[in-house]
Amino acid sequence: MKYREIHFEEIGSTNDYLRDNYSSLDNFTIASADYQSHGKGRNSRVWKGNPKENLAFSILIKNKDLVTYGGLFSLSSSVGVSKIIEKYLPNKKIEIKWPNDVYINDKKVCGILLEGNLPNYLVIGIGININQKDFIGEYRKTPTSLFLESRVEFDIDEFKKELFDELINSVSLTETKIKNQLDYFESHNYLKNKIVDFLYDKNRYQGKVVGVDNSFNLLIDIGEKVLSVSSGEIELIH
Ligand code: BTN
């Protein structure tokens with residue numbers, strides 16, 4: 001599958017770059033950077049990373065699949081990242097925290113931020129901690145990196161090439177692929193059977209995560225019923 005990479009030594013945010021230029025760029029353009037001065041996380045948080053030690057990139061989706069598959073790009077991108085990490089660290093417990101964080105042994109190694117204006121475009125922004133050795137400051141979730149989990153220094157370019165191929169394949173959606181990705185997610189579901197606190201419809205709830213449905217909505221048993229919620233509708237608290 002074909003993609004084109006545009007690489008920056010430094011940029012504000014690769015997500016913002018694709019958002020600002022999407023009309024003149026092709027489907028599957030990937031913007032990557034050695035360093036982002038204003039990296040963005042979910043829920044208006046910041047995404048930080050030492051220069052040249054990690055991967056920060058965004059993939060532009062601008063095809064008809066956006067209308068058909070909308071919310072499933074979240075599933076496809078996290079599964080793609082998780083599979084490659086699992087390939088490099090076969091003995092580690094790799095899990096996906098719905099909707100799209102990747103965890104190793106309970107610590108966050110990858111965050112994904114999807115932004116867009118459907119049906120015009122979608123930007124899938126992915127940050128993976130690769131060789132960073134220390135994380136100074138406050139983090140909502142304990143961070144880790146591939147180095148910290150393996151004590152092996154990674155060749156970022158080699159890892160990146162393999163990852164980009166996997167991701168472009170993952171987000172080139174078909175019904176069969178989606179079924180396989182849902183099965184993969186189910187067996188790597190970090191929240192499965194966990195009790196979660198969350199905000200939904202301006203109210204605070206607590207419930208037990210029982211799985212996801214075919215649209216990748218999270219299914220939460222709140223006692224009197226099972227809620228099916230999309231990532232835009234709820235905010236998990238913890
Ligand atoms: C999160 O876990 O909160 C999501 C983090 C997403 C970070 C990536 S790094 C590349 C892309 N550009 C950004 O500004 N953010 C995403």
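This is a predicted model: local features need pLDDT of at least 70, side-chain atom pairs count only at pLDDT 80 or more; totals for chains, interfaces and linings use all residues.
**A tour from the ligand to the loops**

Next, display Lys40: one of its polar backbone atoms is 2.7 Å from an oxygen atom of the ligand. Widening the selection gives 20 residues around the ligand, of which Ser13, Gln36, Lys40, Arg42 and Lys108 come nearest.

Now select helix 3 (residues 72–88) together with helix 6 (residues 175–186). Their axes come within 10 Å and cross at roughly 60 degrees, and the crossing is left-handed. On helix 3, show Leu72, Leu75, Ser76, Val79, Ser82, Lys83 and Glu86; their partners on helix 6 are Ile178, Gln181, Leu182, Tyr184 and Phe185. By class, this contact has 7 nonpolar, 3 polar and 2 charged residues.

The last stops concern the backbone. Most peptide bonds are trans, and most residues other than glycine have a negative phi. Select Trp98 and Pro99: the peptide bond between them is cis, with omega near 0 degrees. Pro99 sits in the loop between strand 4 (94–97) and strand 5 (101–104). Move on to Leu118 and Pro119, whose peptide bond is also cis, with omega near 10 degrees; Pro119 belongs to the loop between strand 6 (107–117) and strand 7 (121–128).

Finish at Phe28, in the loop between helix 1 (14–21) and strand 2 (29–36). Although not a glycine, Phe28 has a positive phi of about 65 degrees.

Methods
Residues are numbered from 1 along each chain as its sequence is written. Side-chain values use heavy atoms; hydrogens and water are left out. Axes are lines fitted to C-alpha atoms, for helices over the stretch in contact, and angles run from 0 to 180 degrees between N-to-C directions. Helices (H or I, at least four residues) and strands (E, at least two) are DSSP runs, numbered from the N terminus. A crossing is left-handed if the near helix is turned anticlockwise from the far one by less than a right angle, and right-handed if clockwise. Contact means heavy atoms within 4.5 Å. Ala, Val, Leu, Ile, Met, Phe, Trp, Tyr, Cys and Pro count as nonpolar, Asp, Glu, Lys and Arg as charged, and the others, Gly among them, as polar. A residue is near a molecule or strand if one of its heavy atoms lies within 4 Å of it. A polar contact is a pair of N or O atoms within 3.5 Å; within protein, one must be able to donate a hydrogen and the other to accept it, and residues adjacent in sequence count only if both atoms are side-chain atoms.
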